[in-house]
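Hi everyone, thanks for coming. Today I'd like to walk you through one protein chain, so please have a look at it on the screen.

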Amino acid sequence: MKKRIKVALAGNPNVGKTALMNALAGTNEKVGNWPGVTVQKKVGRYNFRGFEIELIDLPGIYSLTSYTLEERVARNFLLKGDYDVVADVVDATLLGRNLYLTLELLDMGIKPVIVLNKVDELQNYGYAVDSKLLEKILNLPVVEVSAVKKKGLEELSETFLMVATKDLKPEGFTPIYSEDLENAISLVEMKLKEELPPDFPYNLRWFSIKLLEKDPEVVEILKREFKSAEEILKEIEKIESEILSRYKCDLPSFVARERFLLASKLAASAVKNSVELPRERLSDKLDRIITNPLTGIPVFFLVMWLVFKLTFELSAPISDWIDRIFSSYLPELVATHLKFLPPALVSLINNGILAGVGAVMVFIPVLGILYFLMSVLEDTGYMARAAALWDNFMRHFGLSGSSVIPMILGFGCNVPAVYATRAMRSSVQKMVTMAIIPWMSCSARLTVYTVFVAAFFKNYQSVVIFGLYLFGVLMALLFAFIMSRFVKEEENEFFIELPPYKLPAWNVVFNRTWIEVREFIFKAGTVIFAVSVFIWALASLPPGTEYAGKGTIVGKVGELLLPLFEPIGIYDWKPIVALIFGALAKEVVVGTLGTLYGTGESGLVKALHSTFTPESALAYLVFTLLYIPCVATIAAIKQESGSWKFPLGVVLIELLVAWVSAFTVYHVAKLLI
């Protein structure tokens, strides 16, 4: 029977944990969420010398506090001890910053294997790490690797094996801080020992340090397990007042400062200058342009424009070809060669199954190319700088710079925009960003806008369409601002790390793109397919009625909803049914209107005048902009949030906002037009 070794990969964001997993496990990965939370979990497996090594990629974190969801997930996993080896992946180019987490692991009592990644990149900057000296200082195994170039992987696997089988027993060292901090730790430890519960599961030194850092979860454990909790907390307050008077900073900041000082000292001991560096690197010159708002914002929009242009121009021929297969070629084959089947079954195959599968397949070229381009930008180091550029502006609305990229992507397609929120560290900001992405007017809505402005606003086409795009952005920012007042996050230090510029690692880029596309096909695709069949049933039943006609369930639903739409100037059920079918894809709205009015899309402009006035047409466009996203987007939000509650809440809120906005626009327009 094959033996299994569990290896937990810990480390800061952008240190190369995912690249290391790809290098070791290839594409043999499972992607999901950690139980009960929206934080992504990746597990990879590979075989080595008769053992199956399971890699568990912990969320990228800077510390082991409990302020963010990612930090809580990583810390809780490490505390439970369901692993054989902890691999602390360290970026050699940012050794001082990365050793901060290493010191926390040692304080916790964990003796990790230090995986020194990107040593080749450090050499490009004229430096080298003396890994043997670092190994001696930390008293831990240190293995130099290059995840991108797949160097050092066999030695690393050997080290995992030796640590797991106890052939190698890392001893580690106890980080010793300044005299003031050590005295404070000793005092808290002494107080805890006076009534230490039996089988206390935590390392006492680590627990004491976390109390000094005022870690919320550790404070709660103290209150629950220790009768003298209030006395201990008062003692900590006394310590803080002394630190405040001596160092002019609070206790958590003092602990962080001490840890950073020690980490920097260790890094300085191990990093050696190998060649003389130029006074100013090219990366410094680029950063002065890219991170400066005056020059960086035009560069950002140019980069995003190029991403959109390449994505849609390269994917359009493939998507059109796939669309023709599923909307024309295959339905014609079914209609021609399966005549012996009952008409209802033929309709199910064509309008339900093929429409559902086609809705999934047509997105694949768009998603694949977009994921590829975004992975290239991320791997070169640009994406972190884009987030830093927008961070201050977005904070006025309760968001951060990392919200900008998904929102911009939403103008092309809401689906990949939702998946782009995975890069966001804050779970609250991620959920708010996902909720407002559907208000970024995707390219599919443009077909609806084009038909209506041609019919009612021929002289103001560009003004109306631009106004709709702008209105969607304003509503999104307003909603984010309101949500930030109700959903508060614990204030904590926010780091935006600027990784070195480098050429993309193509194997990492292609592998990441494939994993993301594969995940969309197998997970989001199942939801899209199911909803497509459900809508077909609504448009086909009861038997004997014309597909999507007045007598069908969907037609009756349209008539039932008619009183809700009369206040915004719509007095016919057909546009309402078109909105229902717009749940499949927004461009379907136009096709459905053409079918229901019996004119086809070409004669639709004239037919719309029988139902709409300019005021009601404008209200209908606003409703189309703001109401529920397409099925693919809902599926993506469900997948990223981990439950149906959140996307259903988003749907209800957006329906309400859409109706109120359309109602307001209709009545204001009646006064002005």
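Predicted model: local features only at pLDDT ≥ 70, side-chain atom pairs only at ≥ 80, totals over all residues.

Let's start inside. The largest nonpolar core has 99 residues, and helix 21, residues 461-486, gives the largest share of this core with nine residues. Phe300, Phe452, Leu608, Tyr620 and Leu621 have the most contacts inside the core. What is Tyr620 in contact with, leaving aside its neighbours within four places in sequence? The partners are Phe452, Ile570, Pro575, Ala578, Leu579, Val589, Leu593 and Phe612. Another core, of 63 residues, lies apart from the largest one, and its members include Ala10, Met108, Ile185 and Ile232.

Now for the helices. Two packed helices are described by the angle between their axes and the distance between the axes.

Take helix 21 again, with helix 27, residues 614-626: they pack at about 45°, and their axes are 10 Å apart. The two are therefore oblique to each other, and the crossing is right-handed. On the helix 21 side you can find Val464, Leu468, Phe471, Gly472 and Met475, and on the helix 27 side Leu618, Leu621, Val622, Leu625 and Leu626. Nine of these contact residues are nonpolar, one is polar and none is charged.

Ile634, Ile637, Lys638 and Ser641 of helix 28 meet Phe646, Pro647 and Val651 of helix 29. That contact has five nonpolar residues, one polar and one charged.

Technical notes. Residues numbered from 1 in each chain as written. Heavy atoms only, no water. Core = buried A, V, L, I, M, F, W, Y, C linked by side-chain atoms within 4.5 Å. Buried < 20%, exposed > 50% of the residue type's maximum accessible area, 1.4 Å probe, protein only. Helix = DSSP H or I, 4+ residues; strand = E, 2+ residues; numbered from the N terminus. Contact = heavy atoms within 4.5 Å. Axes fitted to C-alpha atoms, helices over the stretch in contact; angles between N-to-C directions. Parallel < 35°, antiparallel > 145°, perpendicular 65-115°, else oblique. Left-handed = near helix turned anticlockwise from the far one by under 90°. Nonpolar A, V, L, I, M, F, W, Y, C, P; charged D, E, K, R; others polar.
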